[in-house]
Amino acid sequence: MDGLLLDIQHDMFNKAKTYREEHITKADSWEEFEKLLDEKGGFIAAHWDGTAATEEAIKEKTKATIRCIPLKNEQEDGKCILSGNPSKQRVLFARAY
Amino acid sequence: MSKEIATRKDDYSQWYNDLVIKGGLADYSAVRGCMVIKPYGFALWENMQSALDKMFKDTDHVNAYFPLLNPKSFLSKEAAHVEGFAKECAVVTHYRLKNDPNGGGVIVDPEAKLEEELIIRPTSETIIWNTYKDWVQSYRDLPLLINQWANVVRWEMRTRLFLRTAEFLWQEGHTAHATKEEAIEEAEKMLEVYATFAEEFMALPVIKGVKTESERFAGAENTYCIEALMQDGKALQAGTSHFLGQNFAKAFDVKFLSKENKQEYVWATSWGVSTRLIGALVMAHSDDDGLVLPPKIAPLQVVIVPIFKGDDQKALVDGKAKEIMAQLKNIGVRVKYDDNENTRPGWKFAEYELKGVPVRLAIGARDIEKM
C-alpha cells in the first residue's frame with residue numbers, strides 16, 4: 001500500500017509537471033503574445049524592457065502580469081514585446097488568480 | 001453521482017466552487033468574504049501545516065505568537081508598508097456594546113471609543129518589529145528565526161473560497177539578522193523550503209523567481225515567489241519570501257551592537273504561505289469526478305467499502321475489512337472503514353471519489369473467497 005500511495009503521489013506530480021511544461025511558451029511579438037494569452041494560456045516567456053510603465057501597459061491591455069523573473073534565468077538579447085526597447089532576458093507573463 | 005458538479009470545460013469557476021463545497025472542504029459563512037473551513041478541509045490544512053512546521057523546525061526556526069490587534073500608528077511607521085495595506089485594513093474603534101435605549105438590540109457604546117484605534121493584523125511585521133526592538137541588543141541576540149501560525153484579515157471586495165478571502169489562515173516567518181548577506185540567504189532558503197513543500201507534498205510543480213518592483217511586498221527590497229499553473233491556464237502565486245533590507249529595523253529603531261562595537265540596524269526577512277494553497281491544490285489536480293488529493297497530505301488515504309448480501313456474508317466481509325484496516329493503520333496509513341448501512345456501496349464510491357480519497361477499496365465475499 002505504501003508503494004501504491006507513493007506511485008499515486010508521483011503520478012500526480014508528473015502529470016501536473018507535464019501540463020506545466022507544455023504551457024510555458026515563448027512569444028516574440030505582440031500579436032503572438034496576445035494570441036497565446038487568449039488561445040492557450042499558461043506562462044508566456046517574453047522580453048520586457050524592465051520599466052514599470054510597460055509592465056502596467058501590458059496589464060491594462062491584456063490583464064496579464066509578470067508572474068516572476070525566474071531564478072537562474074537565461075540571459076538573452078531581445079526586444080520588449082510592447083515597446084521594442086532592448087531587453088536582456090525573458091520574464092514570465094500570465095493571467096493569474 | 002451523489003452530487004452534481006459542473007465540468008471544467010463548461011464552467012471552470014463553478015466546477016471549483018462545487019468541489020470546495022460539495023467535496024466538504026469549506027463553505028460560505030454569514031459574514032461576506034469569510035469562509036467556514038469544514039472538518040475535511042481543516043484536516044487537509046493540518047496535514048499541510050504539520051509538514052511545513054517540521055520543515056521550519058528542521059531549518060532552526062521556532063514558533064511564537066503575537067497579538068491579533070495592532071496599534072494603528074505602527075502601520076504608518078514604514079511608508080511603503082502602510083501604502084500597501086491601508087486600503088484593506090479592518091479597524092477596531094470601540095470596546096463595548098450596550099442595549100439600544102430604543103429597543104433595537106445592541107449598539108456600539110459611543111462612550112467606549114478607543115483612544116488609539118487598533119487594526120486587525122493584515123500581516124505582522126509592525127507588531128513583531130516593535131517587539132524585536134526589546135529583544136535585540138547585540139550581535140549575540142541574532143539571528144532571530146521566528147514563525148507564527150495565525151489568522152489575518154485583508155478586506156477584500158471580490159472574494160473566492162480559499163483563493164481570496166477577507167480572513168485567512170497562514171504562517172508568517174519573521175527573521176532578524178546581523179548582515180545583509182545572511183538575510184538574503186534566509187529569504188532564499190525559505191523559498192526553497194516552500195518549493196520543496198509544494199512539489200513533494202502537494203505534487204505541485206512550481207517556478208521559483210523574483211517579483212518585479214511593482215509586484216513586490218509592501219516594504220520589501222526583494223520578493224521571491226513560487227508560481228504554479230492551474231488547469232485553466234492561469235497562474236497562481238503559491239508562496240512568497242521577502243528580503244526586507246533594513247526598512248523595518250529603521251522604522252522601529254531596531255539596532256544591535258556589532259562585533260566591531262558599532263551600532264547597526266538589523267536586516268530582516270518575512271515569508272508566508274496560506275490556506276490559499278488549498279485552492280491551488282484543488283485547481284491543479286482535480287477532475288470532473290471530484291477532488292484529487294495527493295496521498296501525502298490527503299486527510300484519508302484509503303477507504304474500505306464492504307459489499308455483502310445477508311448476515312453470513314456481512315460477518316465474513318466485516319472481519320476481513322477490519323483485519324485489513326488494522327494492518328494499514330499499523331504501517332501508518334490514514335484509513336477509514338465505511339460500514340454505514342444507511343448508504344449503498346455505489347453512493348459511497350461516488351462520495352469518496354468526489355472527496356478525492358486516493359485509494360478506494362471494495363471488499364466483497366467473493367474477493368475473500370478468492371484470497
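Okay, some ground rules. What we have is a predicted model, with local features needing pLDDT of at least 70, side-chain atom pairs counting only at pLDDT 80 or more, and totals for chains, interfaces and linings using all residues. Residues are numbered from 1 along each chain as its sequence is written, while chains are lettered from A and ligands numbered from 1 in the order in which they are written. When I say helix or strand, I'm talking about DSSP runs, numbered from the N terminus: H or I with at least four residues for helices, E with at least two for strands.

Pro306(B) counts as buried because it has 24 C-beta neighbours inside 10 Å. The cut-offs go like this: 20 or more other C-beta atoms within 10 Å of a residue's own is buried, 12 or fewer is exposed, in between is partly exposed, and the C-beta atoms are placed from the backbone. So which residues is Pro306(B) in contact with, leaving aside its neighbours within four places in sequence? They are Val317(B), Asp318(B), Ala321(B), Asp339(B) and Ile363(B). Contact here means C-beta atoms, placed from the backbone, within 7 Å. Gln14(B), by the way, is 292 residues from Pro306(B) in sequence and 33 Å away in space, C-alpha to C-alpha.

Now the sheet around S17. It's an open one with three strands in the order S18-S17-S19 of chain B, and the pairing is parallel. For pairing, DSSP has to find at least two bridges between two strands. In general, strands of a sheet pair through backbone hydrogen bonds, either parallel or antiparallel. On the edges sit S18 (335-337) and S19 (359-364) of chain B, each pairing on one side only. Neighbouring strands are turned by 20° against each other on average, direction ignored. S17(B), residues 302-307, has six bridges to S19(B), and Ile307(B) stands opposite Gly364(B) there. Helix H10 of chain B, residues 345-354, packs on this sheet, touching S17 and S19, and its direction makes about 170° with that of S17(B). Angles like that run from 0 to 180 degrees between N-to-C directions, with axes as lines fitted to C-alpha atoms, for helices over the stretch in contact.

Next, the core. The largest nonpolar core has 117 residues, and among those with the most contacts inside it are Ala198(B) and Ile226(B). A nonpolar core is a set of buried Ala, Val, Leu, Ile, Met, Phe, Trp, Tyr and Cys residues joined through C-beta atoms within 7 Å. Helix H6 of chain B, residues 180-200, gives the most to this core, with nine residues. Not counting residues up to four places away in sequence, Ile226(B) touches Leu191(B), Tyr194(B) and Ala198(B), among others.

On to chain A. It has three helices and five strands, following the pattern α-β-α-β-α-β-β-β along the sequence. Its C-alpha trace spans about 55 × 25 × 20 Å along the principal axes. Of its 97 residues, 31% count as buried.

How many residues does the contact take from each chain? It takes 37 residues from chain B and 30 residues from chain A. S11(B) gives the most to chain B's side, with four residues. That side divides into 21 nonpolar, seven polar and nine charged residues. Here Ala, Val, Leu, Ile, Met, Phe, Trp, Tyr, Cys and Pro count as nonpolar, Asp, Glu, Lys and Arg as charged, and the others, Gly among them, as polar. Strand S3 of chain A, residues 65-70, is joined to S11(B) by two bridges, and the two run antiparallel. Ile69(A) stands opposite Val210(B) in that pairing.

Most residues other than glycine have a negative phi, and most peptide bonds are trans. Leu142(B) and Pro143(B), though, are joined by a cis peptide bond, with omega about -5°. Pro143(B) lies in the loop between helix H5 (125-135) and strand S9 (144-153) of chain B. Then there's positive phi: about 75° at Asp60(B) and about 65° at Phe162(B). Are these two buried or exposed? Asp60(B) is exposed, because 9 other C-beta atoms lie within 10 Å, whereas Phe162(B) is buried, with 25.

Conventions
Contact = placed C-beta atoms within 7 Å.
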